[in-house]
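Have the two chains open side by side.

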Amino acid sequence: MFIEFFYKLKSVGIPVSPTSFLTLQKALHKNLINSVDDFYTSSRTILIKGERYFDLFDQVFAHHFQGAEMPDYEGVEIDDLLRTMLEEWLRDPKELADALGIDEDELNKLSPDELIEYFKERLKEQTERHEGGNKWIGTGGTSPVGHSGYHPEGMRVGGESKNKSAVKVAMERRYKDYSHEGPLTQAMVGEALKRLRNMVPSGPKDQVDVDETIYQTMRNAGEIEILFESSLRDKLKIVLAIDNGGWSMDPHVEVVQTLFDYARSQFKEIKTYFFHNTVYDRLWEDPARRVKAKRVEEFAGNDPETRLIFVGDASMAPYELMGVDGSVYVSDRSGNPSISRLRYLSEIFSHSVWLNPVAEGMWHYTRTIGEIADIFPMFELSLDGLDKAITHLMAK
Amino acid sequence: MNKINKINKDEQFKGAKKYVLDEELAQIVNISMALEMPLLLKGEPGTGKTMLAHSIAESLKMPLIVLNVKSSMKLIDALYQYDTLTRLNDSRFGDSNRDVSNIEDYIKMSKIGQAFTADKRTVLLIDEIDKADTDFQDDMLDVLDQMEFDIFEIDKTIPAKQRPVIIITSNAKKDLSDPFLGRCNFHHIAFPDPKMMRKIIKVHFKDISTDLLENAIDTFYVLRDLDRIEKKPATRELINWIRALQADPDFKPKKLIKGDVPFLGVLFKKSRDYEAASNNVQRRRMF
């Protein structure tokens, strides 16, 4: 029963497992489900394992049981973008017109319907062109049609479902808010970084060491000798190097700030340094990169267990990375190209990663990103990327 | 077999004194109980995930056993403890009535063990599972799936006498591992809408005046919807806030309409959020 429904869920990209489908059958078999309403709640609780998919589930359910319009992935996304564009348009017609590269007056002439049609056209065009490799959605981050993260509708919660049919509830699409990935918040960074720790015994000896106690007691011919040990504490040393110079990092300031704030509050033994674009002779302890510098060679004295984390977009002119005197600062030109400096750092720190706020899909557009990724394992500064980076950092 | 599985009318969960339950959630709890599967609850902090387990226990008159997961926890800590030191002590002095050669005398059940060995069916709440690492989660689900675990020291298998009703909560935005999810039912508790909230507040404050109720809830939802708030105040904060308002003899509900909102610190606990909220309140008062 309901096999078709199951496959429909699968085909829209909800991870549903056959086991859970069998569980649903079991529930049906036991007469636990007696109405469509029951079926709606039960099938959702059994089949769907994340609130992210609740919205899609609602749509498929409404479609399957009432023939509502099937969720069309492309359509949904364009829909959201479209709404964002319209909002933007209402707020500041000129800016949007500029971003689309057309005359504001020309847009003003269109009727609302025509306007929407026009936006749709442009968006479709954009999807196609984007795949072709032309960066239509800007790298500069000024485009108003940047990646959404914006939810046109506020929290809408159904609350009671008593008086409504399941299909109606499903059609309300109460879970729309959860279906997109939001921006990286501090709590999410915290979750990802939780695993970054190195437990070593330290502090007062206040825990009974059972093995040692037994051993010593036996040696004492049964006279009890209780031994204590220190409990395990986190003693991970981290060097965090942040690219805070140049306009290319500007769009990413917020997410880097989040990471930085969290790291500062969470890790006791953290050293933060700053650089511009890439590392030459020195890293700076002050964000202005003027007062306190540390020479790259000095890092060799660090504990080899220290984890080195770079945060930067790794995007620059190739000569800045490869040139013998590539630095934009004259005082930094010691004759070593930056790339050999980075290599040097990767050798002193056995555990290092480079977190890049640029979306992974865009990496191959910038040559220096590839070069640096050859030296440091590079991960996207997103929840997923952070997770992978931490796994890499904690690997033995 | 079939008879046992059929839900007895008395055994159905219909909400408790201090918990306002929506139909949907009741259905989910009942079906999870009937299928004997753990129910994984997610949702914003303060939406009553933990409270749900308490109210199930209360309304079905089952004992509640709470396992608060800690980040350093190992699975064995949740199952049983082998008290080596006492045994060592007894073997040296021999003045207790425990039998030193019988290791079983030195095994103490921890939370999951207690739920398994209890004579009555219990509600087992595993709170904040996301704190522990993935291995712990997967191993624990193995135990809960098979409804038995081994005590290695005495080479004995402890089966569950009664399958406990298992409620697991998680605050994580991140998904738990696939094998874990595969063995649970899932529900996400959404934040209650104003209508539901009124009910919830009425349950907690029996003799609250309509004036205070309406104004407090209106103000609360306005403040909750402010931009740039990182930790939004939840039901728990609202309840505490109303309690604070009631305790203040100078407070009058009319003040809230005018934009005079006292005790913001009860609602906003992060200094940045607090500032944002109090700025907003002051601005509203000016106009």
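The side chains of E24(B) and R44(A) make a polar contact of 3.5 Å. A polar contact is a pair of N or O atoms within 3.5 Å; within protein, one must be able to donate a hydrogen and the other to accept it, and residues adjacent in sequence count only if both atoms are side-chain atoms. This is a predicted model: local features need pLDDT of at least 70, side-chain atom pairs count only at pLDDT 80 or more, and totals for chains, interfaces and linings use all residues. Residues are numbered from 1 along each chain as its sequence is written, chains are lettered from A and ligands numbered from 1 in the order in which they are written, and side-chain values use heavy atoms, with hydrogens and water left out.

R44(A) has another partner. Its side chain also joins that of H187(B), in a polar contact of 3.3 Å. E24(B) and H187(B) are 163 residues apart along the chain, yet their C-alpha atoms are separated by 9.9 Å. E24(B) sits in helix α2 (residues 23-35) of chain B. H187(B) sits in strand β9 of chain B. Helices (H or I, at least four residues) and strands (E, at least two) are DSSP runs, numbered from the N terminus.

The cut-offs are under 20% relative accessible area for buried and over 50% for exposed, with partly exposed in between (1.4 Å probe, protein chains only).

Now follow β9(B) into its sheet. Five strands form an open sheet in the order β2-β5-β8-β1-β9 (chain B), with parallel pairing. Two strands pair if DSSP finds at least two bridges between them. The edges are β2 (64-68) and β9 (185-189) of chain B, each pairing on one side only. From one strand to the next, the twist averages 20 degrees.

Helix α3 (residues 49-60) of chain B lies across β1, β2, β5, β8 (165-170) and β9 of chain B, at about 170 degrees to β5(B). Axes are lines fitted to C-alpha atoms, for helices over the stretch in contact, and angles run from 0 to 180 degrees between N-to-C directions.

Next, helix α9 (residues 194-204) of chain B. Its buried residues are M196(B), M197(B), I200(B) and I201(B). They share one side of α9(B) because they cover an arc of only 135 degrees around the axis. The arc is that of the directions from the helix axis to the C-beta atoms. These buried residues pack against α10 (210-224) and α11 (235-247) of chain B.

Finally, confidence. Chain A averages a pLDDT of 72, and 63% of the residues score at least 70. pLDDT is the predictor's confidence in each residue, from 0 to 100. Residues 72-78 of chain A fall below 50, and this stretch has seven contacts beyond near neighbours in sequence. Contact means heavy atoms within 4.5 Å. Where pLDDT is low, the predicted coordinates should not be read in detail.
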